[in-house]
There are 2 protein chains.
Amino acid sequence: MDTLAEILALADKYERQLPQAAEMPPPPIGAEIAGWIEHTLLKPEATAAQVKVLCQEALQYHFASVCVNPAYVTLVSALLSGSPVKTCAVVGFPLGATLPTQKVVETLACLENGAVEIDMVINIGAMKGEAYGLVYNEVQTIAQVVHNQRAVVKVILETALLRRKEKIIACLVCKAAGVDFVKTSTGFGPGGATVEDVDLIYRLVGPQVRVKASGGIRSLETALAMIRAGATRLGTSSGVQIVKEAVA
Amino acid sequence: MDTLAEILALADKYERQLPQAAEMPPPPIGAEIAGWIEHTLLKPEATAAQVKVLCQEALQYHFASVCVNPAYVTLVSALLSGSPVKTCAVVGFPLGATLPTQKVVETLACLENGAVEIDMVINIGAMKGEAYGLVYNEVQTIAQVVHNQRAVVKVILETALLRRKEKIIACLVCKAAGVDFVKTSTGFGPGGATVEDVDLIYRLVGPQVRVKASGGIRSLETALAMIRAGATRLGTSSGVQIVKEAVA
């Protein structure tokens, strides 16, 4: 495990010159892209009826997962039971400004209710305030809690709120903490995934840690651009539309 | 305690005709308005340094409270210690889509860290899906937890996402659950406080339950309009500006 001092020294180096991007898996062909998509509904006004439709679509189109707020994890997990579609829950979402212990408790509740993937928002204010130790400890703790239950952890950076150097540090923290994915955005911030950010993240953490692009992905063209930049998961509420474009 | 059936019957009646507004306290004169303002900083990128400035301003201007995300409650509580300015924390914020147990745990953590006012977001999706029992139980539970610790509970409706009838039901649920304040908005939704919504809420819950207007209050004129409609607390990040206008 890298110490924080080592991470910051490495960030200085990578700020001057990013590492080469590792080789990527071949991009999906046609309807294969469904397996790269997390079918997502996170708006606060989403009803149980809408979440049911989301799950039916995920089963029909063979999406990788269904991603919802904690209040709907039990429902989603029941509806997807016995299928290969995963249940994904967001934690500390979308501000990331809850307490570390709170994120742990929320993570455990989601796992207990059937989530097998956890998308946690980092403490963005701590990043901006250079309280990197707090960020590191929080990410490491959540990664351990999730991995203890053989689940998958994705860490959301909310890239639109971070400067380039902060993105680099956050990526190295995530890599050192052994997370499974680094994810760009909540979809509630001032901006979503960009090709430039996905490329930066993939260069820093790939291929051991995977990249989930999210926020503003509404077309096949955007989806493929994210994949070419290094993303292997796409968080979007436009999955059905994207698959229809892919097979058209 | 009203049953849900009684609440829904009453909502039908009030949908046709709202009750008269109860008499209001006299509006604040000049700098008095500071005591009606909750000095608020909820953006995810807020740093500890910015929160310290917020607390210094609150002490200087004699605001009613400082309102922050859970991650900063300990800091705020320490900085305000010994002063009459209250520490206020948001819970289930801003989507309201976490689990009821999660909101309880988060509330308890905030109270333990020094918060004496809790602003909780209702489960908006449950409101939209007519799962009113869930909403009622959650609000009632949080009110009990907060009152057990002699703290104050405000319930955020996120009015911009609710239809008129849903606002009426939510208000009656809050009143029946014995909350201290009904609050209009998170500031992260598609709209903030409106005079019409504050008036509606005050007619339904006032004066026993008070009204906190929040979201988009950036001038003395808007602040006073909210007060004339029935608000006795204003959540805003423009408190210093508003007080300066009031004494100019």
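A: Helices (H or I, at least four residues) and strands (E, at least two) are DSSP runs, numbered from the N terminus. By that numbering, B:T159 lies in the loop between strand 5 (152–156) and helix 7 (164–177) of chain B. This is a predicted model, where local features need pLDDT of at least 70 and side-chain atom pairs count only at pLDDT 80 or more, while totals for chains, interfaces and linings use all residues. Residues are numbered from 1 along each chain as its sequence is written, chains are lettered from A and ligands numbered from 1 in the order in which they are written, and side-chain values use heavy atoms, leaving out hydrogens and water.

Q: Why is B:T159 called buried?
A: Buried means under 20% relative accessible area, exposed over 50%, and partly exposed in between (1.4 Å probe, protein chains only). B:T159 has 2%, so the residue is buried.

Q: What makes the pair of A:F93 and A:F188 edge-to-face?
A: Rings of Phe, Tyr and Trp (its six-membered ring) pair if their centres lie within 6.5 Å; planes under 30 degrees apart count as stacked, over 60 as edge-to-face and the rest as tilted. The structure holds 4 aromatic pairs over all chains. In this one, the centres of A:F93 and A:F188 are 5.5 Å apart with planes at 90 degrees, so the pair is edge-to-face.

Q: Why is A:F188 called partly exposed?
A: Its relative accessible area is 35%, so A:F188 is partly exposed, whereas A:F93, at 8%, is buried.

Q: Why is the pair of B:Y61 and B:F63 called stacked?
A: Their planes are at 20 degrees and their centres 5.8 Å apart, so the pair is stacked.
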